[in-house]
Amino acid sequence: MNMYLHELKALRKSGGGWACAMIALAALFLSLYPSMVSDSADFTSLLEGYPASVRAMLGINLEYITSILGFYSMVFAYIALCGGIQAMHLGASILSKEARERTADFLLVKPVSRARIVSAKLLAALTVILVTDLVYFLVTAIIASAVATANYSLSMFFMLNLPLLLIQLIFLAVGLVASVFFSRLKNVLPLTLGVVFGLYMTGALLAAGPEGDIARYLSPFQYFDSIYIIENNAFELKYLIAGALIVAVAVSVSYRVYIKKDVHAV
């Protein structure tokens, strides 16, 4: 418990910063909604000029673009990108920071198993992500209600936001497994940005192609189609399973490798 609370205290500032950043980004986009609705015909006409592949890459669906949920589903991709960076950075740093800060020898001589060390750090990272997402959802729900020009379903708004948490869980697990193999990185930011932006662009480019359904498996950002969620009030099961498998395998490998590996202090 002491280790969990220590990690939580160390991560609280970064969690608050990410929550503020995502809220600010969402507020910026949502503030544009009323003016977009007032000029919806011109706005829709402009988007119709984009090639279908480009609209697919940007998550634009002309049928729903004028509703608050449809508009939010278009801009949500950028929120998910921020959340992915936060989660990947957390996962990549919570174990590797002991080697970078030369505190590994101090930590590992404590009468605590390595499995408990990983569990405490992972639980702290999960707590930060959950609190960040909860604050984000509550604030953005208030903002969406303030700018909406018609009634909308709050439960559907919640479902559109839930993929943020699911994407973060995937990247947290990916970052965690990366940290046990690259534990002596001096800076995890290049790894974080490279993986997250690489998968984001891969998904955006390939999902718009002829093999879109298969290509979607390559990027967690493509696992949750907002328009599918709006139309079916559900997630696509096959991609939920794919995400769960990634998390389970990555976390299992992380535990196994960290428990057995030689951890150097420098």
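Helices (H or I, at least four residues) and strands (E, at least two) are taken as DSSP runs and numbered from the N terminus. The structure is a predicted model, in which local features need pLDDT of at least 70, side-chain atom pairs count only at pLDDT 80 or more, and totals for chains, interfaces and linings use all residues. Residues are numbered from 1 along each chain as its sequence is written, and side-chain values use heavy atoms, with hydrogens and water left out.

The protein contains 13 helices and zero strands. Of its 266 residues, 45% are buried, where buried denotes under 20% relative accessible area, exposed over 50%, and partly exposed in between (1.4 Å probe, protein chains only). The protein exposes about 13100 Å² (Shrake-Rupley method, 1.4 Å probe), and carbon and sulfur atoms supply 67% of this area. Among contacts (heavy atoms within 4.5 Å) between residues at least 6 apart in sequence, 77% join residues at least 24 apart.

R216 lies in the loop between α11 (212-215) and α12 (226-232). With a relative accessibility of 9%, R216 counts as buried. The side chain of R216 forms a polar contact of 2.6 Å with the side chain of E236; such a contact is a pair of N or O atoms within 3.5 Å, one able to donate a hydrogen and the other to accept it, and residues adjacent in sequence count only if both atoms are side-chain atoms. A polar atom of the R216 side chain also lies 2.7 Å from the backbone oxygen of Q222.

C20 is exposed, at 54% relative accessibility, whereas C82 is buried, at 18%. The count of disulfides (pairs of cysteine sulfur atoms within 2.5 Å) is zero.
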